[in-house]
Amino acid sequence: MTPSDADVTQQPPALGNQYDDDRVLVSYLRQTMSEEELSRIEDELRSLGEIAGGELYDLYLDDLAKEPILTRWGPWGDRIDEIEVTDVWKRAEEVAATFGVVAAGYERHLGDKSRVHQFALAHLFIPSTDMYGCPLAMTDGAASTLLASGNDDLIDTAVPHLTSRDPDVFWTSGQWMTELSGGSDVGRSKTTARQDDTGAWRLYGRKWFTSAITANMALALARPEGNPDGGRGLALFYVPIRENGDLVDGIAVNRLKDKMGTRKLPTAELDLDGARAIPVGELKNGTRNIAPMLNVTRTWNAVTATSFVRRGLALARDYAQKREAFGKDIIEHPLHQETLADVQAIYEGMFHLSFRVAELLGKSDDGTLSETERGLLRMMTPIAKLTTGKQVVPAMSELLEAFGGAGYVEDTGIPTLLRDAQVLPIWEGTTNVLSLDTLRALASVGGMKPLKAEFKRCAQAIHSPTLKKPMTTALRAFRDAAVWLKESTGDEEAQQAGARRFALTVGKSLELALTCRHAQWSLDNEQDGRSAAAAVRFAATRISHVADLDHHDAYVLVHDFNCPTLFECHNGSGDGVSTAEDDLSAFMDADRRNA
């Protein structure tokens, strides 16, 4: 290389130990766990952090151009449907099993904090593995669902595999719900279950979107013959996918989906023609019986979104110390500092919200949830998933931009992070679906009382003058959401129309309150003001999304027609017009005087 070549060669971003370098994770664990508890797991977390920032990340970069390959036919015309996954996926399975990324949640070595341990592992592991967190999430969800079912035969058959640390014993699970007819409305599923001459159940139908077809088993929804339409008529079935590594009879892989992102994840479209299946429980209420899986996988979704923003920040911060522009490293430019600091503040809010759900899930597993916390977990699960899912995409877009043109070049690996992030607002329920579920959760727990208790828990911890202001911002946003809910009660259309704004307001206000609470602990115990700075910065963003909008406006805009009443409303009549005119006149008068 000539000296002139060296002058124009850009050093790529690099990762260090992803545990040691993540101040938010380390500080949170110090707050949440005793010294003895943390000492039991910290070496493991540090080891995985080293692999995540080293071996796995290097393999991730080497594997960028590779995708899973489906071979449908053997050399002599036999149907084989073999799928070859990428090298990073093969290695990820070994690492996931060895480090117990699923198992840690079930070994219960840390009692009700076992889920915190597990999701700390997942947080470190996921971003370096091309979405191998997806089959792990479904594996975790399947284990929880089977344990909740009380079906001892299936528990004995599958759960020891699903929760094993031995790569040769470990199984992953699929989740087969989505069909072309229904999508999120799984009650419209067309897959039929009927018994053969021996009494065994067989499935018939088309599963349009089945993630991780390379799994060993799946939990699937199907409608037993003669059952009524809708979700109550569906039943939940255990489906073996592979025996001795080969696809079982009755399952045909039509194709692997050509997706925008998560391209290393072998997502398949299946035909089921007599696939053997075993009822998990009753032959009805399948959508209700799969709820334990959704609660777990939605928590994985929130932690995954959080981990992606952390990964983008780690790369962007390292790159900013290596990239020179206008005579100095870009990390020294105040505007670049502002950009990365804004994303860091969002990350801290996402982290504390998603890991608060992990805390509550662990207490639920351990049987130590109070009644208030049980209601809080029911509400916070959809709220955390939808809030972090909406935050991760713009955050990753901002971080991609922080690399300039290099962030848009495929072989840097940066675009993959943005594309993969886009699945997170969609998978396990879109933002709208989860917003409506939030309203159902409120109804099921009797209202806002558990959330009020959580805000009170956070507010009571605050005594720093710096943190009182952002905590007040969080409380005011939550109050706005509570007022909207009360005023819209009884108007189903208004509640549905505003459900997203309500849920996002609650989610972001929770993020801010939880960040403030941790920041106070960090000030008191670590003499560290960085979390407090993040809370102040996050409070300056839009926390409250509740607005007095007329749903009729949305109807007209979406159907795109000129409505006379809309013209009249916005051309001089309607509530609040005089106040707005007074404010505008005062502004214009002041502007004329200044001129």
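Glu 428 is buried, with a relative accessible area of 8%, where buried denotes under 20% relative accessible area, exposed over 50% and partly exposed the range in between, for a 1.4 Å probe and protein chains only. The structure is a predicted model, in which local features need pLDDT of at least 70 and side-chain atom pairs count only at pLDDT 80 or more, while totals for chains, interfaces and linings use all residues. Residues are numbered from 1 along each chain as its sequence is written, and side-chain values use heavy atoms, with hydrogens and water left out.

Glu 428 is found in the loop between α14 (414-421) and α15 (431-445), the helices (H or I, at least four residues) and strands (E, at least two) being DSSP runs numbered from the N terminus. Phi of Glu 428 is near 60°, a positive value in a residue other than glycine. Most residues other than glycine have a negative phi. A positive phi, near 55°, is likewise found for Ala 212, which lies in the loop between β5 (201-210) and β6 (217-224) and is buried, with a relative accessible area of 2%.

Strand β5 pairs with β4 (residues 192-195) in the antiparallel sense over four bridges, pairing being assigned if DSSP finds at least two bridges between two strands. Within this pair, Thr 192 has Tyr 204 in β5 as its bridge partner. The two strands form a hairpin with five residues between them, and Gly 199 in the turn has a positive phi of about 90°. Strand β5 also pairs with β11 (residues 268-279), again in the antiparallel sense, over eight bridges, with Leu 203 standing opposite Ala 275 in β11.

In the loop between β10 (251-256) and β11 is found Lys 257, a buried residue with a relative accessible area of 14%. The side chain of Lys 257 makes a polar contact with the side chain of Glu 269 at 2.8 Å; such a contact is a pair of N or O atoms within 3.5 Å, of which, within protein, one must be able to donate a hydrogen and the other to accept it, and residues adjacent in sequence count only if both atoms are side-chain atoms. When residues up to four places away in sequence are not counted, Lys 257 touches Trp 208, Phe 209, Thr 267 and Glu 269, contact meaning heavy atoms within 4.5 Å.
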